[in-house]
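Here is a quick tour of a protein chain for anyone who likes to think in side chains. Have a look at the model first, then read on.

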Amino acid sequence: MLGLAKMGTCARNIHITNSKLQLEKPESSVGRILEPPLDEYQLGSPWVYDPSTVQVVLPLMIESLVTADTLLSAGTVLPNLAGNSLPGPSQGRNVEKRRIRVMPSSPLTEKVQEVVRLQPRFLVISRVDESENLRCVSPLVLERVISGAAESGVSIRKLCDGTIMIQTDNDIQTAKIMAIIEIPLSPLNHLKVKMEPHSFWFNLRCLWAMANKDPVEACRCQMILVTAFIKILQQQKDENWCLPVMYTVCLDVRLHAIKADKILSTKEHKNKKETLEKAAECLMSCFRICAADNRSSEEFTKRWGMLMLVNQMFKVYFRINKLHLCKPLIRAIEAFPMKHMFSLSQLVTYRYYVGRKAMFDCDYKSADTYLTFAFEKCHKTCLKNKRMILMYLVPVKMMRGYMPSKRVLEKYDLMQFWEVVEAVKQGNLQAFNATMEKHETFFVSYGLFLILERLKVNTYRSLFKTVCQMMKTHQIPIQVLLQALQVMGVSDIDLDETQCIVANLIYEGKIKGYISHQHQKLVVSKQNAFPILSSV
């Protein structure tokens, strides 16, 4: 009893207001009971509940807040602030019973611990209506409302940017404070507010999710972090020092979204690219802020961050197959008067994706220009990147009549194209079809199969050019061209289809001449009947 009485003198101070017991933290650690093992308080997460701050509200009884490490001896005297009768020394056993009820083994305490989830310890209060201001709220009123909701003292700070941050001691306090929806300004006037976790908490939560191999939760927290960062980016005027931070958070949100979609694709999920689409929306929000900063000076404008965001969105749009969304981004970069002053690494990435889009749009001349720039400016040690650029540059060059050498294809491990090159040069349709069937999986995986299929038109041209050179005349019977196609393994074709192929070659400018339907002959020009493909 002497030990209990000594510890009781160092226990927390207790104030009574309106029949409520409110506890203050002790000044020292004297009087703390031995803590049970951590496993009793760990709820499946790295966040461990402190057994010294367990709070319980007992129903159908006087509402009180007590802690597991508060020991009251029979000789403890409590101040009577509200004029209520307090237990005397002879009623110490009642106090002891109340203490026993809140021990960690109590069923009620365990029930509270089971329903409480992981909650942030740092909260930010903001107004719902942008036209209202928190400055009109008295600090005393704000502290009274928050402390009253938490039913205990919490730390309230005003940050340098004017944000009011609340630091809680445990998850129960957080859950109660998060329930605040308005603050009374007067008996008839209330200010609607909202409680949100501080942005850096989501960064910690994201790291925790990554450590636990939960990419879906990591992506969700990273998106919230980007949303919070956007608000900070909007408030900055005539400064762009935070662009490197924007680069990092935007890159992370795209990478987390890719991993999250891989997890969701294995489950029964309707839209397998939903996470990447949401990530693209976050990137677009940052892009709009940077693009709209056209009043700042050249040195401090946020428009220097546009190209990095455009490249990140290109990667997302190509993955989710929404290339039409790239057009406004390309226009915004091309309209930027200092686009040539971006870093070379970002320019190489930008030209690579713009060249790929031009290739899919059948604009082979522009695609050749962009992809050639990317290949030549890419660092010589980045063989993987140069190979990826060459993967699309080779078909574009072939469409324009430039055939790659075998040495280049061997250097970058792209020998799948060599057989196609040989078939197109020789006009060998049978070898062309066999090669496309042989490497179909490879070409489809990189989105090149349909592009290479268009090379069949050039193969027809090479075959007809060979026939014209063999006959040594400018009037070639259509029947001869049909027989040449049948020799090359094209069996299901007739005279009308042969005329259609010839007509398409004439329309595209790959053959100079016309078809005489009366004589069933192809009449070609005596000079340069088969012009160079690069000039077409």
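## The overall picture

How many helices and strands does the protein chain have? The protein chain has 22 helices and 10 strands; these are DSSP runs numbered from the N terminus, with helices being H or I of at least four residues and strands being E of at least two. Keep in mind that this is a predicted model, where local features need pLDDT of at least 70, side-chain atom pairs count only at pLDDT 80 or more, and totals for chains, interfaces and linings use all residues. Residues are numbered from 1 along each chain as its sequence is written, and side-chain values use heavy atoms, with hydrogens and water left out.

Of the 536 residues in the protein chain, 43% count as buried. Buried means under 20% relative accessible area, exposed means over 50%, and partly exposed is in between (1.4 Å probe, protein chains only). Take the contacts (heavy atoms within 4.5 Å) between residues at least 6 apart in sequence: 59% of them join residues at least 24 apart.

## Salt bridges

There are 10 salt bridges in the structure, each being a side-chain nitrogen of Lys or Arg within 4 Å of a carboxyl oxygen of Asp or Glu. One of them pairs Arg-220 with Glu-217, with the closest N and O atoms 2.6 Å apart. Both residues sit in helix H7 (residues 215-235), three residues apart, which is about one turn of the helix. Arg-220 is partly exposed at 41% relative accessibility, while Glu-217 is buried at 13%.

Another bridge brings Lys-397 and Asp-368 together, at 3.1 Å between the closest N and O atoms. Lys-397 belongs to helix H14 and Asp-368 to helix H13 (residues 364-377), so this pair ties together parts that are 29 residues apart in sequence. Asp-368 also meets Arg-400 in a salt bridge (2.8 Å, N to O). Here the link runs from helix H13 to the loop between H14 and H15, where Arg-400 lies, 32 residues away. Through shared partners, Asp-368, Lys-397 and Arg-400 form one network. Asp-368 is buried at 6% relative accessible area and Arg-400 is buried at 16%, whereas Lys-397 is partly exposed at 24%.

## A buried arginine without a partner

Which helix holds Arg-254? Arg-254 is in helix H8 (residues 243-265). Arg-254 is buried but has no salt bridge, and the nearest side chain of opposite charge, Asp-252, is 8.7 Å away. Leaving out residues up to four places away in sequence, Arg-254 touches Leu-276, Gln-312, Lys-315 and Val-316.

## Helix H16 and its cover

What covers the buried residues of H16? The cover includes helices H14 (383-399), H15 (406-411), H17 (429-438), H18 (440-445), H19 (449-453) and H20 (455-471). H16 itself spans residues 416-426, and its buried residues are Gln-416, Phe-417, Trp-418, Val-420, Val-421, Ala-423 and Val-424. After H16 comes Gly-427, with a positive phi near 70°.

## Ala-291 and Met-306

Ala-291 is found in helix H9 (residues 274-292) and is partly exposed, with a relative accessible area of 25%. Ala-291 and Met-306 are 15 residues apart in sequence and 6.6 Å apart in space, C-alpha to C-alpha. Setting aside neighbours within four places in sequence, Ala-291 is in contact with Arg-303 and Met-306.

Key. Lys, Arg positive; Asp, Glu negative; His and termini not counted.
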